[in-house]
Amino acid sequence: MFQYALKEMRKRRNKYALNVGAIILLVVLLITLNSLSLAYKDVAVLPFKTINSTIIVQRNGNVPENMTGVVLSCSSAPIGADYLSRVSAVDGVKDVSSGLLLWVFDHDNFKRVFGLNWTDGFGRGIESQITIGSAPQTNGEALVDKAYADQYGLAAKGHVIVAGADFLISGIVESSGKNVIPADVYVALASAQMLAYNSPNLQATEKFNQTDVNIIFVDVDQTNLNQVSQRLNNIFNVGQSTGGNTPTGQVIGSYSIYTPTSFESQISSVFKLSDQLTLILSLIVPIGAILIIANSSGHTLLERRREFGIMKAVGFRNRDIQRVVFSETLLQMLIGYVAGLIISFIGIAILARTTVSVNVPWEVGGYPHFLVPDPNLAGTVLTYLLPITFQVKYALLSGAVVVAIGLLTTMILARRLNGLKAMEVLKYD
Amino acid sequence: MTELITVKNVCKTFAKAKAVSNVSLTLKYGELLAIQGASGSGKTTLLNLLTGLEQADAGEILFDGEKITSMNEDQLALFRREHVGIVFQFFNLIPTLNVVENIALPLFPVRMPRDKMLDRAKVSAENVGLSHRLDHYPNELSGGEQQRVAIARALINNPEVIFADEPTGNLDEKTGRMIFELLRDLNKNRNLTIVMATHDQSIAAASHRIIKLRDGMISNE
């Protein structure tokens, strides 16, 4: 029976091409759309991977009246050290790191200086990006970003001056385009805190204690992300508002908590798909496939009425004819499914070579907009290869949908065939 | 000869027109019976009732003692598959199957290895002189060859009886004569019972017995 179905399909390949094409389209769209949707969620996580964290916390502060000397990166405010222990105590938190991002307006140049602990998660992330030299061993040593070093002719074992303080360059890092919060110079947290504490301009803008930071990195399991994020909201956003707004619209004194979800809307690509769109397409496509296949099979059935009449005349029972129809449907589904899998696999391999950009919100670690020719260049843009992979679960899902369509089509056709009278079709057709 | 088919007072009406009216007859094993009558006299309807392709409105038909008039559709299909071969005027071959596959068609629903099925079809093709045309498709055959395929298909299940509805009606005289000779040889050499509706007087005259139908009734036997 199966060989008969195969032969029938070969002989009427143009008729069956539409059905097979509908199945291929169904499988390709179901697998690719869902894999794309998943990939975009993964893209939003990528900026956090390099800093070994899942959540970034910042406090929104005032803008200095003059951009001179050492100031907090705009428009952040100090966060007291006591918050670190409170965050560490939250259930689901694996690790907490902190940092101090400063803007330093020296007389000859501008630099972003990041103070960090070399032994915590964020510090280890930066250390892994060292391309020349080694990590600083003392508070008097620093790492310099390669782009900045190239611009100002700096090298390992040389010196970099930050607000009058001399740092020995222990190594060069390549952090541009990789770090969600990029900097030009990386120093020990204590050194950065000393620079901030001693800056009259900074102290005039925000009261800064010597142990304060302005960024907290929190590492949690993805499964606990929403739960922890909610608890952090409870810790940070209680009675902090002073009423005014930062230039980008944040309430001064409030805390901003960034998670991968916050970055999803910042992903720029033509392939971007929302969950809702994926869900809608995942429902529409199978319905469309059912309509195409049922319609096409209905036409084929009409054309083959005489053939089925002959079969009944020579001794085929209804169930035997149903087996014929089922074999043909099964074969079409099988060919369409396998071809769909192969095309999806190739399509996903091609998509995996495309890049996708993530625009990091400017408040997280932007550049002073007045120092760049176009304000749009002040933000941080991270570029990644689309992390799309062939997902077996979607292959299985599409397989289940194809089986369901096959059974439904067979049932519809079987009902129509049961009413077929051999002599009526042989007499009149 | 013992009775193979017994028809008792069978009636069939289509839209108030009586196609077969109160027909009774018996058919013996090995008999070659010709049914004659003008167009619309009820020949085809009577054949269809005998093969179970149509259900009688009244009366009963017994096949080897078994009442086929009380069988359901599936039982009738099995009855045709196991006991009956049918030859149509317009051959009714499946265009996408070649000769050997068309002959093997009644065996498709039977659980049987494909090789064995095709071997049987080849033997059947040989019996009707079509061994050289096995791989050809119906549109590559002459009318006579197509009818031979239909006869081979009717023979594949070793039926007790072949019902042929105007088997020569769509063929030229010479080819028609050859097809009839083939049927007569099968009747003679294999003692195969044959019931044949025909307009052709000479063919009817060569049969064992002739039944004439007029307005659905047997006018003379």
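Two residues are in contact here if their C-beta atoms, placed from the backbone, lie within 7 Å. This is a predicted model, in which local features need pLDDT of at least 70, side-chain atom pairs count only at pLDDT 80 or more, and totals for chains, interfaces and linings use all residues. Residues are numbered from 1 along each chain as its sequence is written, with chains lettered from A and ligands numbered from 1 in the order in which they are written.

**View 1. Helices H2 (residues 13-49) and H14 (residues 392-418) of chain A pack at an angle of about 145 degrees, with axes 9 Å apart.** Helices (H or I, at least four residues) and strands (E, at least two) are DSSP runs, numbered from the N terminus. Axes are lines fitted to C-alpha atoms, for helices over the stretch in contact, and angles run from 0 to 180 degrees between N-to-C directions. Look for A:Ile23, A:Leu26 and A:Asn34 among the H2(A) residues that meet H14(A) residues, including A:Tyr394 and A:Val401.

**View 2. Helix H8 (residues 225-236) of chain A has 12 residues.** Buried in H8(A) are A:Val228, A:Ser229, A:Leu232 and A:Phe236 (buried: 20 or more other C-beta atoms within 10 Å of a residue's own, C-beta atoms being placed from the backbone; exposed: 12 or fewer; partly exposed: in between). These buried residues fall within an arc of 100 degrees seen down the axis of H8(A), so they line one face of the helix; the arc is that of the directions from the helix axis to the C-beta atoms. On the other side of H8(A), you will find A:Gln230 and A:Asn234 exposed. The buried residues of H8(A) pack against elements of chain A including strand E1 (55-59) and helix H3 (82-88).

**View 3. Chain A meets chain B through 20 residues from chain A and 19 residues from chain B.** On the side of chain A that touches chain B, H1(A) gives the most, with 5 residues.

How values were computed:
Expected span 1.5 Å × (residues − 1).
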